[in-house]
Amino acid sequence: MDPEDLFIRYIYLDSLKIIFSTLTPDFRDTIIFHYFYGFKYSEIACMFHISERAVKKRIAVAKKRVRTMFQKEDFL
């Protein structure tokens, strides 16, 4: 792999860590369980004792916040 590609990947991962650290634990945990660990909405709802609708809402809000942060110049 090209050293420049590694550097860009490092910057991307570092930015991702910073962005995820800005999310509240509810949003961060929900999106991590779904996208990183592959849990279904129903499983996450059961874990957190919330409705599936609440899980969907948390994930939608978290994704929107992550997208917004990535669009800021600080993280590009």
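Is Ile32 buried, partly exposed or exposed, and what is its relative accessibility? In this predicted model, Ile32 comes out as partly exposed, at 23% relative accessibility. We'll come back to Ile32 in a moment, once the overall layout is clear.

Start with the whole chain. You'll find four helices and zero strands in it, and walking along the sequence gives the pattern α-α-α-α. The protein chain has 76 residues, and 24% of them count as buried.

Now back to Ile32, which sits in helix 2, a stretch covering residues 25–35. Setting aside residues up to four places away in sequence, Ile32 touches Phe20 and Tyr37.

Next, have a look at helix 4, which runs over 52–71. Arg58 is part of this helix. Which label does Arg58 get, buried or exposed? Arg58 counts as buried because its relative accessible area is 17%, and the cut-off for that label is under 20%. As for its partners, leaving out neighbours within four places in sequence, Arg58 is in contact with Asp26, Phe27, Thr30, Phe48 and Ile50.

Arg67 lies in helix 4 too, but its label is another one: with a relative accessible area of 47%, Arg67 is partly exposed. Arg67 also belongs to a positive surface patch, which it forms with Arg53, Lys57, Lys63 and Lys64.

One last stop is the loop between helix 3 (41–48) and helix 4, where you'll find His49. His49 is exposed, with a relative accessible area of 73%. Its backbone is worth a look as well: His49 has a positive phi of about 60°, although it isn't a glycine. For background, most residues other than glycine have a negative phi.

Terms used:
Residues are numbered from 1 along each chain as its sequence is written. This is a predicted model: local features need pLDDT of at least 70, side-chain atom pairs count only at pLDDT 80 or more; totals for chains, interfaces and linings use all residues. Side-chain values use heavy atoms; hydrogens and water are left out. Helices (H or I, at least four residues) and strands (E, at least two) are DSSP runs, numbered from the N terminus. Buried means under 20% relative accessible area, exposed over 50%, partly exposed in between (1.4 Å probe, protein chains only). Patches are made of residues with over 30% relative accessible area and no salt bridge: like charges are joined within 9 Å, nonpolar side chains (Val, Leu, Ile, Met, Phe, Trp, Tyr) within 5 Å. Accessible areas come from the Shrake-Rupley method with a 1.4 Å probe; for residues, only the protein chains shown count as cover. A salt bridge is a side-chain nitrogen of Lys or Arg within 4 Å of a carboxyl oxygen of Asp or Glu. Lys and Arg count as positive and Asp and Glu as negative; His and the chain ends are not counted. The place of a charge is taken as NZ of Lys, CZ of Arg, CG of Asp or CD of Glu. Contact means heavy atoms within 4.5 Å.
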